[in-house]
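User: I am new to reading protein structures, and I would like to work through this one step by step. Could you help me with some questions about how its parts are held together?

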Amino acid sequence: MAIFSVYVVNKAGGLIYQLDSYAPRAEAEKTFSYPLDLLLKLHDERVLVAFGQRDGIRVGHAVLAINGMDVNGKYTADGKEVLEYLGNPANYPVSIRFGRPRLTSNEKLMLASMFHSLFAIGSQLSPEQGSSGIEVLETDTFKLHCFQTLTGIKFVVLADPRQAGIDSLLRKIYEIYSDFALKNPFYSLEMPISPMQVKGHQVGGDTLEPALFIQPSWALGPSWCRCFVGRRRQLCWLHRSLQPPRRLCSSCSAWQWS
């Protein structure tokens, strides 16, 4: 069981945040001799199979690895262009792993906008007024869960169909977004946000490592604020661009010297 992807979509259908927590599944691997009997082409910074389906390799599959080393887009692990590398007879025999490519940034933006439209259509198709829209979409390989806030922001999680605890995860992500993005005084509402890795969060026995929603110039400092809210000390933000660096309490908004 696993969490595949997390999306945060604003009320206009724009993508605020996206995280993938899975690797593309290899569908075929084969050792080739020169000349390569497949036609490869460069498309959206990825090397794809354009012609020559065989042995489980299909048109549209991307080159994922060469000789066991993962490929980064159109470049090999050592920085060479994949097409140039495969065009050199001296590099053969060569083992190539193929599979479904990762989504590009543009494709993620397009899919976020399309889901926003489907969500609105689902609300309008409801025979009852006040429909919550799409909450769950289930397929044989994944399940899409959506939670929309009162302000229209959608939190979407793609998970294994057997994964439990998604409802609590969606609300946890909403809580993190509220605490670490909306309380940032330099964050513009509904604008894209940058990720920072945090400690794993347990969901249904598995560990999910999403990200905090923090602007690049901010980070959680190791110290606590001197004020208390609900008998609990409050975390302070470290603003690195100020000299000397200063902390801003997330509750009382009081500046403190680092």
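User: Is Lys108 buried or exposed?

Analyst: This is a predicted model, and the answer rests on a computed accessibility. A residue is called buried when its relative accessible area is under 20%. Lys108 has a relative accessibility of 14%, so Lys108 counts as buried.

User: Which residue meets the side chain of Lys108 in a salt bridge, and how far apart in sequence are the parts that the pair ties together?

Analyst: The side chain of Lys108 meets that of Asp20 in a salt bridge, with 3.0 Å from N to O. Asp20 counts as partly exposed, because its relative accessibility is 22%.

User: Which helix holds both Lys172 and Glu175?

Analyst: The side chains of Lys172 and Glu175 meet in a salt bridge at 4.0 Å, N to O. The two residues are 3 residues apart, about one turn of the helix, and both lie in helix α3.

User: Which element supplies the largest share of the largest nonpolar core?

Analyst: The largest nonpolar core has 19 residues, and Ile3, Ile16, Phe155, Val157, Ile166 and Tyr177 touch the most other members. At least two residues of this core come from each of β1, β2, β11 and α3. The largest share, 6 residues, comes from α3.

Definitions and conventions
Residues numbered from 1 in each chain as written. Predicted model: local features only at pLDDT ≥ 70, side-chain atom pairs only at ≥ 80, totals over all residues. Heavy atoms only, no water. Core = buried A, V, L, I, M, F, W, Y, C linked by side-chain atoms within 4.5 Å. Buried < 20%, exposed > 50% of the residue type's maximum accessible area, 1.4 Å probe, protein only. Helix = DSSP H or I, 4+ residues; strand = E, 2+ residues; numbered from the N terminus.
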